[in-house]
Amino acid sequence: MAHEATMSPLAHADDHHGEHHETPNVFGFWLYLMTDCILFGSIFAAFAVLRNQYAGGPSGKELFDLTNVGIETAILLFSSITYGFASLNALAKNKTMVLLWLAVTFVLGVSFVGLELNEFSSMIAEGNGPDRSAFLSAFFTLVGTHGLHVTCGLIWMVVLMVQMMGPQDLSERMMNKLACLSLFWHFLDIVWICVFSFVYLAGVM
């Protein structure tokens, strides 16, 4: 009995250490998102300063097609809903449906990036690339940085989907990974709403 009493606290400490080791540092991910807020805030500030510096080139009113941008916005916002379905099924431990909704979210994300690249290529083909004016330099930097983040999120999504494949159940560690990606994905939605309002809508007014 004395031996068991001596060993059980140690065993409990080992178990607690194992659980701590298996839990990702979600607080650290929140800190990362804060640094991303600073990054985007700085780029938004630069765009605000340069938004009227056309250097004889076209303005946003001449360049932006709100119909296409509206489609991009709808796709990205809908992808947040589909990711929410993935999160709900993760809580229910339904891995098949999690993979299905992640796949739908991935397709929507790829569609968003594809439309954005098409917009960029069309503007550059017309001679309105980032070297045309300070306004366009700021525009490509801001929208391109957001698009790069979405691309990173899509790569992260694929990695998680590959890790989930197999007979194993959804572990607590995987649940935390999905939660971190959820924070990242919804954060990008919020940033895009700011881009849509501050860059596109304000640009055509």
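User: Which element gives the most to the lining of the largest pocket?

Analyst: α5 does, with five residues. Helices are DSSP runs of H or I of at least four residues, strands are runs of E of at least two, and numbering starts at the N terminus. This is a predicted model, where local features need pLDDT of at least 70 and side-chain atom pairs pLDDT 80 or more, while totals for chains, interfaces and linings use all residues. Residues count from 1 along each chain as its sequence is written, and side-chain values use heavy atoms, without hydrogens or water.

User: What makes a site a pocket, and how much space lies in the largest pocket?

Analyst: On a 1 Å grid over the protein atoms alone, a pocket is an open set of points with protein on both sides within 12 Å along at least five of seven lines; a lining residue has an atom within 4 Å of a point. The largest pocket holds about 250 Å³ of space. Its lining has 14 residues, and the closest to its centre are Leu63, Asp65, Asn68, Glu119 and Ser122. Two or more lining residues come from each of α3 (60–63), α4 and α5 (95–125).

User: How do the residues of that lining divide?

Analyst: Six are nonpolar, three polar and five charged. Asp, Glu, Lys and Arg count as charged; Ala, Val, Leu, Ile, Met, Phe, Trp, Tyr, Cys and Pro as nonpolar; the others, Gly among them, as polar.

User: Why are α4 and α7 called roughly antiparallel?

Analyst: Angles over 145 degrees count as roughly antiparallel. Helix α4 (residues 66–91) and helix α7 (residues 172–204) pack at about 165 degrees, with axes 10 Å apart. Therefore the pair is roughly antiparallel. Their contact has 18 nonpolar, seven polar and two charged residues.

User: What makes α6 roughly antiparallel to α7?

Analyst: Helix α6 (residues 134–164) meets α7 at about 160 degrees, with axes 10 Å apart. That angle makes the pair roughly antiparallel. The contact of α6 with α7 divides into 21 nonpolar, four polar and one charged.

User: In which hand does α6 pass α7?

Analyst: The crossing is left-handed. That term applies if the near helix is turned anticlockwise from the far one by less than a right angle. α4 also passes α7 in a left-handed crossing.

User: Where does UniProt place the feature "transmembrane region"?

Analyst: The unreviewed UniProt entry gives residues 29–50, 70–91, 98–115, 135–162 and 183–203. Such annotations may be inferred rather than shown by experiment. In the model, residues 29–50 are 100% helix and 0% strand, with end C-alpha atoms 32 Å apart. Residues 183–203 are 100% helix and 0% strand, with end C-alpha atoms 29 Å apart.

Conventions
Axes fitted to C-alpha atoms, helices over the stretch in contact; angles between N-to-C directions. Parallel < 35°, antiparallel > 145°, perpendicular 65-115°, else oblique. 1 Å grid on protein atoms, 1.4 Å probe; cavity = no way out; pocket = protein on both sides within 12 Å on 5 of 7 lines; lining within 4 Å. Points joined across faces, edges and corners; volume = space filled by probe spheres on them.
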